[in-house]
Every structure is written in structure tokens, then in C-alpha cells.
Amino acid sequence: MTAPTVFVLSGPNLGRLGTREPEVYGSDTLDDVHAAVQREARDLGLVADCRQTNHEGELIDWLHEAVDVGADVVLNPGAFTHYSYAVRDACAIVTTSGRSLVEVHLSNPAAREEFRHTSVVAGVATGTIAGFGLQSYLLALRALV
């Protein structure tokens, strides 16, 4: 029996982790996040398919792909969190198909600028984990099992 696959998707600017506002996002790079996610997934009996994009359409295509292959999703939508109804609708396709989608954030958006307080994704996500840095991704994987 093969291990279930989880898509671990990161949105715009997350490829700049480690150098982008380390006082907010920490010093871990996206490669560090992916390595930790791979280890945690393996320990949990999962396979993590880690991807990052700065492009809204590509992220939407990956969410559709998750539905097509029957994968749960850990999603850090980055700035798309706050305004992308297209990403929100693709997330809803995931959760209404019977799959789980956990929204994650490295920082706590509710403790930051006013425009970051609204997540258009949260209402269709299975759950949200925010404010724990790299651990947010690992906690999301644990939530899926």
C-alpha cells in the first residue's frame, strides 16, 4: 500500500523566505520548510509534494490537481489569502470534494496590518494554523492525520 500524498503549496513571495522580513517570517528558507515537511510527512506515513509559485493560475491548477488525484492540501496562500476569490473558489472545490485543506501562515495575520486580518480562504478551509513559523506547516500535517 502506498502512503497518501499531501500537496504542500506555498504562494507568492514564499520563495524568498530567509531573506524577506526575517523579523516577521524568521530565518528559515523555503528549502528548510520543505525539508522539515518531508521529514514530518515521512514520520506520519505521508508523502509530501511540496510546491511554491508566485502565479495565481498555477496555484489554482495545483488545487484542481489535488482534487483529481485525491490529495489533501496544506496551503500557505501568501498574499492571495486576503483578496483572491479565485484561489478561495479552488479551495472550496478541494473541501467540497471530500478532501481536507489546512490554511497555514508563518506569522499571525490577525496581529499584523489591518488588510491582513481578512482571509477569503478561511471560510472554505478545513482549518487554519497561524503564527508558529515553520511549525505551522508541521502542525497542519499532524492535523491531517
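A residue is termed partly exposed when its relative accessible area lies between the buried limit of under 20% and the exposed limit of over 50%. All views show a predicted model.

View 1. G26 belongs to the loop that joins α1 (22-25) to α2 (residues 30-43). Its relative accessible area is 25%, so G26 counts as partly exposed. In sequence, G26 and S119 are 93 residues apart, and their C-alpha atoms lie 22 Å from each other in space.

View 2. Five strands form an open sheet in the order β2-β1-β3-β4-β5, with parallel pairing. β2 and β5 (127-130) are the edge strands, each of which pairs on one side only. From one strand to the next, the twist averages 20°. Helix α2 packs on the sheet, where it touches β1 and β2, and its direction makes about 165° with that of β2.

**View 3. Pairing of β3 with β4.** Three bridges join β3 and β4 in the parallel sense. V73 stands opposite L101 of β4.

**View 4. Helix α3, its buried face and its end.** L59, I60, W62, L63 and A66 are the buried residues of α3. Seen down the helix axis, these buried residues fall within an arc of 160°, so they line one face of α3. They pack against the strands β1 (5-10), β2 (47-52), β3 (72-76) and β4 (101-105), and against helix α4 (85-96). The exposed residues D68 and V69 are carried on the face of α3 turned away from its buried side. Just after the helix, G70 adopts a positive phi of about 75°.

**View 5. The nonpolar cores and the contacts of V74.** In soluble globular proteins, nonpolar side chains tend to be buried together. The largest nonpolar core of this model has 23 residues, and those with the most contacts inside it are V6, V8, V33, V37, V74, Y137 and L141. Two or more residues of this core come from each of β1, α2, β2, β4 and α5 (135-144). Leaving aside residues up to four places away in sequence, V74 touches V6, F7, V8, L9, V102, V104, Y137, A140, L141 and L144. A second, separate core has 21 residues, among them I60, A71, L75 and A125.

Key:
Residues are numbered from 1 along each chain as its sequence is written. This is a predicted model: local features need pLDDT of at least 70, side-chain atom pairs count only at pLDDT 80 or more; totals for chains, interfaces and linings use all residues. Side-chain values use heavy atoms; hydrogens and water are left out. Buried means under 20% relative accessible area, exposed over 50%, partly exposed in between (1.4 Å probe, protein chains only). Helices (H or I, at least four residues) and strands (E, at least two) are DSSP runs, numbered from the N terminus. The arc is that of the directions from the helix axis to the C-beta atoms. Contact means heavy atoms within 4.5 Å. Two strands pair if DSSP finds at least two bridges between them. Axes are lines fitted to C-alpha atoms, for helices over the stretch in contact, and angles run from 0 to 180 degrees between N-to-C directions. A nonpolar core is a set of buried Ala, Val, Leu, Ile, Met, Phe, Trp, Tyr and Cys residues joined through side-chain atoms within 4.5 Å.
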